[in-house]
Amino acid sequence: MSDFRAWVEIDLDALTHNLAAIRRRAGPGVRVMLVVKADAYGLGAVTIARHAARCGVSALGVGTSREALELQGAGIRLPVLVLGTVIENELADCLSHGIHIGLHSADRRASLQALAMAMGTVANVHLNVDTGMGRLGVLPSRAVGLLEEIHASRNLALAGIMTHVAAPHGASDEATFEQALAFDELLAAARARGILPGSVHVANSCAIFSGVRGPRAWPYDMVRPGIAAYGTLPGHLARAAELRPVVTLASQVVFLKDVPAGTPVGYDATWRAPRPTRIATLSVGYADGVPWSLSGSGEVLLRGRRAPIVGRVSMDYTTVDIGRVPGVCVGDTAILIGRDGQDELRLADVARRAGTIPHELLCSFGKRVERVYTGGDEILPAAPGARTRSLPPVTSGFPE
Ligand SMILES: *Cc1c(COP(=O)(O)O)cnc(C)c1O
């Protein structure tokens, strides 16, 4: 019996494996910025970042300045980039902690330069270029001018140039190719003006593995994976990538009940027992990350067998029909995502069935779900004189 009503098991050895697969795919000399925004997709940013640092990851990407400060407060020394943008009154905190900031407008260049000068410091910025995502980023036509302005700003250091691929799933190869072309033109124009771009990074997980630009996915010096490190990619890419699942979502059976035919189960009585059967109640619900949309359509693994979710998923509980799964007891572990014996409910499949994407499913794991880490020992520093598996050394991050 588990100590927890619901828990996420996070396999750090699988994370090690996936980071190695990403490095192989990205090619020699290409560094990895692991994206750990939204608490590392719900898996615990501090623990994930610490482990990633030991695996040779060079930098971390986050979504907000608070996330960056949390990592630094926990003693993580890797460079941290706020990938998107920072609201104006958070800039000072970022600067005083040396956090790298995405920059995408002339206004922000001016306010950052003024602030950094007033603080007597230098701000590390990554110019974000909008080559087709249409979200953040300066348009390519404005980018060279802005680069020159950054270059001329005494209190700004150009630490990187980035863009974001809008359709990296291979769904729109032509559009992706156009984005790469626009980006390459900009890089050439910058170099022609003697502007060194710092770290050049474009590819998220799908772009790393989709091979739109051939086997050497993106000829730049850094990649920004998130979801692939956490064990999944869209189906057609996943097969070749040989990633290992990192995440298991589990709960336990807290109640069993034999019901006669016709018994309604759950809110709105959307399901009635078609025959006499046994219902197991699991102590996990949509507040914990079981999508409500799996009401009446999802499955769980119990004793290595599949059992259907019946009735509505509620906030704290999920009910399953175990009429065809013999021997279930109170305290048994139910797997909602992950492997049990020979069978597996894969993250990507559960997400698809729930009508969402793996990213959202991971981010929806609630606060009260215990995070349990396994593995991670194989790259601990070895006893004196011994050698562990040879992993690349921890590098210092962005080039100075
Ligand atoms: C979230 C994010 C990534 C990582 O995306 P994945 O699909 O998880 O690999 C990379 N770059 C930027 C700018 C992002 O916002």
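Visitor: Which backbone atom is 3.0 Å from an oxygen atom of the ligand?
Guide: A polar contact is a pair of N or O atoms within 3.5 Å. Here a polar backbone atom of Gly226 is 3.0 Å from an oxygen atom of the ligand. This is a predicted model, where local features need pLDDT of at least 70, side-chain atom pairs need 80 or more, and totals for chains, interfaces and linings use all residues. Residues are numbered from 1 along each chain as its sequence is written, and side-chain values use heavy atoms, without hydrogens and water.

Visitor: How far from an oxygen atom of the ligand is the polar side-chain atom of Lys37?
Guide: The distance is 2.6 Å for Lys37. For a polar side-chain atom of Tyr41, it is 2.5 Å.

Visitor: Which residues surround the ligand?
Guide: Count a residue as near if one of its heavy atoms lies within 4 Å. Among those around the ligand are Val35, Leu83, His164, Asn204, Arg224 and His359.

Visitor: How are two packed helices described?
Guide: By the angle between their axes and the distance between the axes. Axes are lines fitted to C-alpha atoms over the stretch in contact, and angles run from 0 to 180 degrees between N-to-C directions. Helices are DSSP runs of H or I, at least four residues, numbered from the N terminus. H7 (residues 140-151) and H8 (residues 173-192) pack at about 25 degrees, with axes 10 Å apart. That makes H7 roughly parallel to H8 (angles under 35 degrees).

Visitor: Which residues of H7 and H8 meet?
Guide: Contact means heavy atoms within 4.5 Å. Pro140, Ala143, Val144 and Leu147 of H7 meet Ala182, Leu186, Ala189 and Ala190 of H8. Eight of these contact residues are nonpolar, none polar and none charged. Ala, Val, Leu, Ile, Met, Phe, Trp, Tyr, Cys and Pro count as nonpolar, Asp, Glu, Lys and Arg as charged, the others as polar.

Visitor: At what angle do H1 and H3 pack?
Guide: About 50 degrees, for H1 (residues 12-26) and H3 (residues 45-54).

How values were computed: Helices (H or I, at least four residues) and strands (E, at least two) are DSSP runs, numbered from the N terminus. Angles under 35 degrees count as roughly parallel, over 145 as roughly antiparallel, 65 to 115 as roughly perpendicular and the rest as oblique. A polar contact is a pair of N or O atoms within 3.5 Å; within protein, one must be able to donate a hydrogen and the other to accept it, and residues adjacent in sequence count only if both atoms are side-chain atoms.
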